[in-house]
Amino acid sequence: KTVIERATLVQVKKRSGTESGKSFSTTLGINLQQCEDMLTQTEHAYYLFTTPVSTRSMLWVAPARLVRNLVQLNTSKASVPVAQVRDASCSYADFFLHYLVGLWAGDEDEDIVAIANGDPRRGRTPRHIVDIEIRRQSD
């Protein structure tokens, strides 16, 4: 029996390569309207940043509200320096364990859960990155 369902909205962003193809951009493009749309729906909105394959390759996670503030502080208002994102983020492993499994992240609102579960009548498929089920061992 499901006791509670929670949903966390996640927008994935990937670092793009430079025109020469020899390195990666020093900024990450962020669509502020998209960010605002997520935050209007729920405070449980995050960005997942992918990094290029390297010896220190990892996934970074940052709250959408923080990302929005970093972009607003930047002069371009459409991107944020990679170093700022890196310094303000936690690793996906830490986010998964401490926020998702620890139940610090996730919105219980039925409308937000419905967004994550999709709406077949509108042609919207489920948008699950991770589906976690926690069970208590019965005595």
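The questions below concern a predicted model, beginning with the whole protein and then turning to its sheet and to single residues.

Q: What makes up the protein in terms of helices and strands, and in which order do the elements run?
A: The predicted model holds five helices and six strands. Read from the N terminus, the order is β-β-α-β-β-α-β-α-β-α-α. Along the principal axes, the C-alpha atoms fill a box of roughly 60 × 35 × 25 Å.

Q: How much of the protein counts as buried, and what area is exposed?
A: A residue is termed buried when its relative accessible area is under 20%. Buried residues make up 32% of the 139 residues. The protein exposes about 9900 Å², and carbon and sulfur atoms supply 50% of that area.

Q: What share of the contacts joins residues at least 24 apart in sequence?
A: Among contacts between residues at least 6 apart in sequence, 62% join residues at least 24 apart.

Q: How many positive and negative side chains are there, and how far apart are the centres of the two sets?
A: There are 17 positive and 16 negative side chains, and the two centres lie 8 Å apart.

Q: What makes β1 and β6 edge strands of the sheet?
A: The open sheet has four strands in the order β1-β3-β4-β6, with mixed pairing. β1 (9-14) and β6 each have a single partner strand, so one side of each is left without a neighbour in the sheet. That is why the two strands are said to stand at the edges.

Q: Why is β1 said to pair with β3?
A: Two strands pair if there are at least two bridges between them. β1 and β3 are joined over six bridges, in the parallel sense; because the rule asks for at least two, the strands count as paired. Val 10 stands opposite Tyr 46 in β3, and Lys 14 has Thr 50 of β3 as its bridge partner.

Q: Which residues of β1 form its covered face, and which form its uncovered one?
A: Leu 9, Gln 11 and Lys 13 form the covered face of β1, whereas Val 10, Val 12 and Lys 14 form the uncovered one.

Q: Why is Ser 91 called buried?
A: Ser 91 has 15% relative accessibility. This value is under 20%, so Ser 91 counts as buried. Ser 91 lies in strand β6 (residues 90-91). Apart from neighbours within four places in sequence, Ser 91 is in contact with Met 58 and Leu 59.

Q: What makes the approach of Ser 91 to Asp 94 a polar contact?
A: The side chain of Ser 91 reaches the backbone nitrogen of Asp 94 at 3.1 Å. A polar contact requires the two atoms to be within 3.5 Å, and the distance of 3.1 Å therefore meets that limit.

Q: Why is Ser 89 also given the term buried?
A: The relative accessible area of Ser 89 is 18%, which is under 20%, and Ser 89 is therefore buried. Ser 89 belongs to the loop between α3 (82-88) and β6. Its side chain reaches the backbone oxygen of Val 85 at 2.6 Å. With neighbours within four places in sequence set aside, Ser 89 is in contact with Phe 49, Trp 60, Val 61 and Ala 62.

Q: Why is Tyr 99 called partly exposed?
A: Partly exposed residues fall between the buried limit of 20% and the exposed limit of 50%. Tyr 99 stands at 36% relative accessibility and therefore counts as partly exposed. Tyr 99 is found in helix α4 (residues 92-101). Beyond neighbours within four places in sequence, its contacts are Tyr 46, Asp 94, Trp 104 and Ala 105.

Q: What places Lys 77 among the partly exposed residues?
A: Lys 77 has 43% relative accessibility, and because this lies between 20% and 50%, Lys 77 counts as partly exposed. Lys 77 is in the loop between α2 (64-73) and β5 (79-81). Although Lys 77 is not a glycine, its phi is positive, at about 60 degrees.

Note on methods. Residues are numbered from 1 along each chain as its sequence is written. This is a predicted model: local features need pLDDT of at least 70, side-chain atom pairs count only at pLDDT 80 or more; totals for chains, interfaces and linings use all residues. Side-chain values use heavy atoms; hydrogens and water are left out. Buried means under 20% relative accessible area, exposed over 50%, partly exposed in between (1.4 Å probe, protein chains only). A polar contact is a pair of N or O atoms within 3.5 Å; within protein, one must be able to donate a hydrogen and the other to accept it, and residues adjacent in sequence count only if both atoms are side-chain atoms. Contact means heavy atoms within 4.5 Å. Accessible areas come from the Shrake-Rupley method with a 1.4 Å probe; for residues, only the protein chains shown count as cover. Lys and Arg count as positive and Asp and Glu as negative; His and the chain ends are not counted. The place of a charge is taken as NZ of Lys, CZ of Arg, CG of Asp or CD of Glu.
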